[in-house]
Amino acid sequence: MRSESVRSEEAIRALLAGLRDPHTGRSLGEDGSLKGVGIAGERVLVDIVLAYPAAGWRQALMEEVRSLLRERLGLSEVTVSVAHRIHAHEVQAGLTPLPEVKNILAVASGKGGVGKSAIAVNLALALAAEGARAGVLDADLYGPSLPTMTGTIGPPGTTPERRILPKRAHGLELMSIGYLLGEDAPVIWRGPMATQALQQLLTETAWEGLDYLVIDLPPGTGDIQLTLCQRVPLSGAVIVTTPQDLSLVDAQRALKMFEKVAVPVLGVVENMSLYRCPHCGHEEAIFGTGAGERIAARYGVPLLGRLPLDPRIRADADGGLPTVAADPESEHSLAFRAIARKAAAQLSLRARSRALSMPRIVIE
Ligand SMILES: Nc1ncnc2c1ncn2[C@@H]1O[C@H](COP(=O)(O)OP(=O)(O)OP(=O)(O)O)[C@@H](O)[C@H]1O
Ligand SMILES: [Mg+2]
């Protein structure tokens, strides 16, 4: 009896180890997320711990495990547990990670106006919707847009130790230079002062405890952006591009910049890829097609996903309630959440930080 159950455990494990995770591109056995298989009488228990938040994939994964065991091994009483454990990942050599923030992700673009700020805030919201603790630091000193996008205006509070309190809205921790200056204040800083101001904002904010802090970098790949990427302890970067050829050249510059500072690029998001007419539903590739795919193939970085040009995304962001906060189950929100899972999964494949190794286990 004993040897039979051991044999079955092995058969179950072998079968499930081959199951492919579409976010990491690896099998559950390969990336170590299949933790345990147990047999208790007629019941089979399967324990999976993913290294990234995936609330939106959990049900589908459980169903896939159950149907695989039913169809291939004839097992019908299967209990699947799917949890996640988010780790801190390595940052650039010589930099120390922030104690309260496991991973800082930069969202960058080669040029302005491609939707970087809208993607940054929706990415953070999507990570939160998937089960992570997330925040946003608006690092665009010359055009802070986080206060308007999240409906959080006015000066932030301080702690008794005189650290700045992040704003809280839509389940995120938020910080922007716009809170301190007011949005219309002329920003006279240039170069070193700007980078210093940002570093100060990052370290003097009393982040309560984040799995991911998304930084909305200023547009472009000039000295300021390069210095920021050298000084801020980053675990990874996400590049936003639109499908035009010119934008593609700019996105390549952003890729090169991260290569120079040894920050892994987790992938590319293609924004404004298709326009869907709100009246007739007809879809039109106004800016051409395939730019994200081309850049992903050429530089060997994943295409995290595409977002259409949709007036609703603009209205949500400009109205203070970004798309994923407005309705986390809408079509576009699900696209943002798939992008967030993929970016976090790509990060989970990277080396873990030795400085911060206090994983938080979430049992769902
Ligand atoms: N997919 C989209 N569909 C429709 N509108 C969008 C989309 N993405 C962004 N927008 C809108 O386009 C405008 C520019 O986007 P956003 O401010 O996010 O770009 P940015 O790259 O951060 O610009 P900047 O270089 O000024 O910082 C905003 O009004 C935003 O709401
Ligand atoms: Mg912006």
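Me: Which element gives the largest share of the shell around ligand 1?
Reply: That's α10, with four residues. Helices (H or I, at least four residues) and strands (E, at least two) are DSSP runs, numbered from the N terminus. Keep in mind that this is a predicted model, where local features need pLDDT of at least 70, side-chain atom pairs count only at pLDDT 80 or more, and totals for chains, interfaces and linings use all residues. Residues are numbered from 1 along each chain as its sequence is written, while chains are lettered from A and ligands numbered from 1 in the order in which they are written.

Me: OK, and which residues come nearest to ligand 1?
Reply: Gly-112, Gly-115, Lys-116, Ser-117 and Arg-314 do, out of the 21 residues around the ligand. A residue is near a molecule or strand if its C-beta atom, placed from the backbone, lies within 6 Å of it.

Me: Which elements supply at least two residues of that shell?
Reply: α3 (116-129), β12 (265-276), β14 (303-309) and α10 (311-318) each do.

Me: What's the shell around ligand 1 like by class?
Reply: There are eight nonpolar, eight polar and five charged residues. Here Ala, Val, Leu, Ile, Met, Phe, Trp, Tyr, Cys and Pro count as nonpolar, Asp, Glu, Lys and Arg as charged, and the others, Gly among them, as polar.

Me: Back to α3. At what angle do α3 and α12 pack?
Reply: The angle is about 80°, and the axes of α3 and helix α12 (residues 331-348) are 8 Å apart. That makes α3 roughly perpendicular to α12. Axes are lines fitted to C-alpha atoms, for helices over the stretch in contact, and angles run from 0 to 180 degrees between N-to-C directions. Under 35 degrees counts as roughly parallel, over 145 as roughly antiparallel, 65 to 115 as roughly perpendicular and the rest as oblique.

Me: Which residues meet there?
Reply: From α3 you have Asn-122, Leu-123, Ala-126, Leu-127 and Ala-129, and they meet Phe-336, Arg-337, Ile-339, Ala-340 and Ala-344 in α12. By class, that contact of α3 with α12 has eight nonpolar, one polar and one charged residues. Two residues are in contact if their C-beta atoms, placed from the backbone, lie within 7 Å.

Me: New topic. Which domains is the chain divided into?
Reply: Domain 1 (2-85) and domain 2 (101-356). The bounds come from an automatic or database domain assignment. The C-alpha centres of domain 1 and domain 2 lie 34 Å apart.

Me: How many residues of domain 1 are in contact with domain 2?
Reply: Ten, and they contact 13 residues of domain 2. On the domain 1 side, the largest share comes from helix α2 (residues 55-73), with three residues. That side of domain 1 divides into six nonpolar, four polar and no charged residues.

Me: Is Val-101 buried or exposed?
Reply: Val-101 is buried, because 24 other C-beta atoms lie within 10 Å. The rule is that 20 or more other C-beta atoms within 10 Å of its own means buried, 12 or fewer means exposed, and in between is partly exposed, with C-beta atoms placed from the backbone.

Me: And Ala-108, buried or exposed?
Reply: Buried, with 29 C-beta neighbours inside 10 Å. Ala-108 also lies in strand β6. Setting aside neighbours within four places in sequence, its contacts are Leu-217, Gln-225, Ala-237, Ile-239 and Ala-254.

Me: What about phi: which value does Arg-162 have?
Reply: Arg-162 has a positive phi of about 70°, although it is not a glycine. Most residues other than glycine have a negative phi. You'll find Arg-162 in the loop between α4 (146-150) and β8 (167-169). Arg-162 counts as exposed because it has 8 C-beta neighbours inside 10 Å.

Me: What is the phi of Ala-262?
Reply: Ala-262 has a positive phi of about 60°, and it is not a glycine. Ala-262 sits in the loop between α8 (245-260) and β12. With 13 other C-beta atoms within 10 Å, Ala-262 is partly exposed.
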